[in-house]
Amino acid sequence: MSSQNGNGTEISMNQQSASSGKGHPKGLYLLFFTEMWERFSYYGMRAIFVLYMVNQLRLAQDEASNIYGSFTGLVYLTPLLGGYLCDRFLGNRRSIEIGGLLMAIGQFAMFFSASATGVTAISLMWVALTLLIVGNGFFKPNISTMVGQLYPKGDRRVDAAFTVFYMGINLGAFFSPLICGTLGEKIDFKWGFFAAGIGMILGLITFMLQKNKVLVDGDNKPIGLPVKKMGIKEFGIIAGTIGLIFFLLNFKSMFNNDTDLIGYLIYGAMVIMPLIILTDKSLLKEERDRIIVIFILAFFVIFFWGAFEQAGASLTIFADRQTDRHIFGVEMPASYFQSVNPLAIILLAPLFSSMWLGLGKRNLEPSSPRKMAIGLTLVALGYVVIAFAVYGLGAADKVSMFWLFALYIIHTMGELCLSPIGLSMVSKLSPARFSSLLMGTWFLANAAANKFAGTLSALIPGGGESGEGNAVTSFMGFQIENLFDFFLVFIVMCGAAALILFAISRWLGKKMHGIH
């Protein structure tokens, strides 16, 4: 990154002459650094979370997978509340500080959970997950929106600024499994979580020390300041949210009940939200058509991320149990595989960006629905590769790690087909008066996808060390007796979704009424 940073004097001059269009303001690098450490913290914890539950807490694979799905699902819901409180009351700076502090405490609670045993360890884990989920809600939506605020309206550097910012995300996500994974798997899980907590603290301290110096707009005015003081009602909402999340995570163990309340909450909201919006009588035909496109694509997104997000769950269990991870006689931690995706994004993103630009100039760039269908096809293809590798594999046999590397690289290519879609498409297709609600629906689809990923991961057969005991699971009547059957579920699901989306893409294009 040093080549992009230049030296301090150059950046300072550029900040003072924002209109010159050269370089970037110092504030961008502070946001880059803060976000890099936050992502280091989140992905470091996520890389070892399922392994911690299965190998140390001795939870069953299906139970660990469902907890993972509930955690990552709720992580996508709380930004709705965090964004609302930031816009109305807290401002970006305070939201980032509150979120960062809660997440740091959450990571250290995971450290204490991994230092304890039995019921105490599990109780501390629920506290930690609650703090991480709520903290993420304050942090995640409010740091990225500051990037655009650093520049004057219409400044051409904004796109490049977001590229630099996203590089920070991927750098954090790349290093964290290597550091937290090594500490967690090779020494003790508690030190992996401790490292994740230290990462968050580093980002938070840097932000707090530098914010007043560098977080200014093109006219040198401070950005992200508090809007107004919160009242008792708002504090009540925050306290209620923390209590509700803790209750939802604890429900099964509290009442010895298998009802998946978090699943009902997320999937129920996915059904109710479209009904509320589409029954609004003020909608014009074109507006309704465009909103229908958003909902249809949000539905397909669930299948994409549901399969893609196996990375932190079933594919990590597979890497741990049935992948030969020896390099030059040394066994590599299973969590290292989660560094492949961010590294592949750093290397492949410029190529994909050039490809879309080149196709666009020739009027050959696929529409958003077709890009999504290509993404789904590539995810299915990744599972074809790994299904081929495990065909006829015995419960105690292991496959070469290069099959798993291939899957992650193909999946990353699928992600890069999907990444131009998403929030930008929602903002383009949404009527102004519904933009926040429809953005919320898109986050909800991501929450549903992550929850669905946990549900699917729970289907992985085998339960004991090295997969012995080969428990048979089933999905929609299809019996899953081995890993080949398990990966076949993702091939059929994503392949069928891709075919349907290709088939209806032209119809969806018409419904978008000229917006691409």
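The chat below goes through a pocket, a helix and some aromatic contacts in a predicted model.

Trainee: How much space lies in the second largest pocket?

Mentor: The second largest pocket holds about 440 Å³ of space, and since this is a predicted model, that value is computed from predicted coordinates.

Trainee: And which residues lie nearest its centre?

Mentor: Its lining has 21 residues, and those nearest the centre of the pocket are Glu 63, Ile 67, Trp 126, Lys 252 and Ser 253. By class, the residues of that lining divide into nine nonpolar, six polar and six charged.

Trainee: Which helices supply at least two residues of that lining?

Mentor: Four helices are to be named here, namely α4 (61–75), α6 (118–149), α9 (232–255) and α10 (261–278), each of which supplies at least two residues of the lining.

Trainee: Let's stay with α4 for a moment; is it largely enclosed or open, and why?

Mentor: Helix α4 is largely enclosed by the rest of the structure, because twelve of its 15 residues are buried. Among them are Ile 67, Tyr 68, Phe 71 and Leu 74, and Ile 67 is also one of the residues that lie nearest the centre of the second largest pocket.

Trainee: What span should α4 have, and how far apart are its ends?

Mentor: At 1.5 Å a residue, the 15 residues of α4 should span 21 Å, and the end C-alpha atoms are 21 Å apart, so the two values agree.

Trainee: What about Ile 262, where is that found?

Mentor: Ile 262 is found in helix α10, and it counts as buried because its relative accessible area is 4%, which is under the 20% cut-off. Phe 251 is eleven residues away from Ile 262 in sequence, while the distance between the two in space, C-alpha to C-alpha, is 9.4 Å.

Trainee: Changing topic, how many aromatic pairs are there?

Mentor: The count comes to 34 aromatic pairs. In the pair of Phe 299 and Phe 300, the ring centres are 5.7 Å apart and the planes stand at 80 degrees, so the pair is edge-to-face, given that planes over 60 degrees apart are classed that way.

Trainee: Are those two buried or partly exposed?

Mentor: Phe 299 counts as partly exposed, at 45% relative accessibility, whereas Phe 300, at 5%, counts as buried.

Trainee: Which residues form an aromatic cluster?

Mentor: One aromatic cluster is formed by Phe 108, Phe 111, Phe 112, Trp 191 and Phe 194.

Trainee: And what lies over the face of Trp 356?

Mentor: Lys 371 lies over the face of Trp 356, at 4.5 Å from the ring centre.

Note on methods:
Residues numbered from 1 in each chain as written. Predicted model: local features only at pLDDT ≥ 70, side-chain atom pairs only at ≥ 80, totals over all residues. Heavy atoms only, no water. 1 Å grid on protein atoms, 1.4 Å probe; cavity = no way out; pocket = protein on both sides within 12 Å on 5 of 7 lines; lining within 4 Å. Points joined across faces, edges and corners; volume = space filled by probe spheres on them. Nonpolar A, V, L, I, M, F, W, Y, C, P; charged D, E, K, R; others polar. Phe/Tyr/Trp six-rings, centres within 6.5 Å; stacked < 30°, edge-to-face > 60°. Buried < 20%, exposed > 50% of the residue type's maximum accessible area, 1.4 Å probe, protein only. Lys NZ or Arg CZ within 6 Å of the ring centre and 35° of its normal. Expected span 1.5 Å × (residues − 1).
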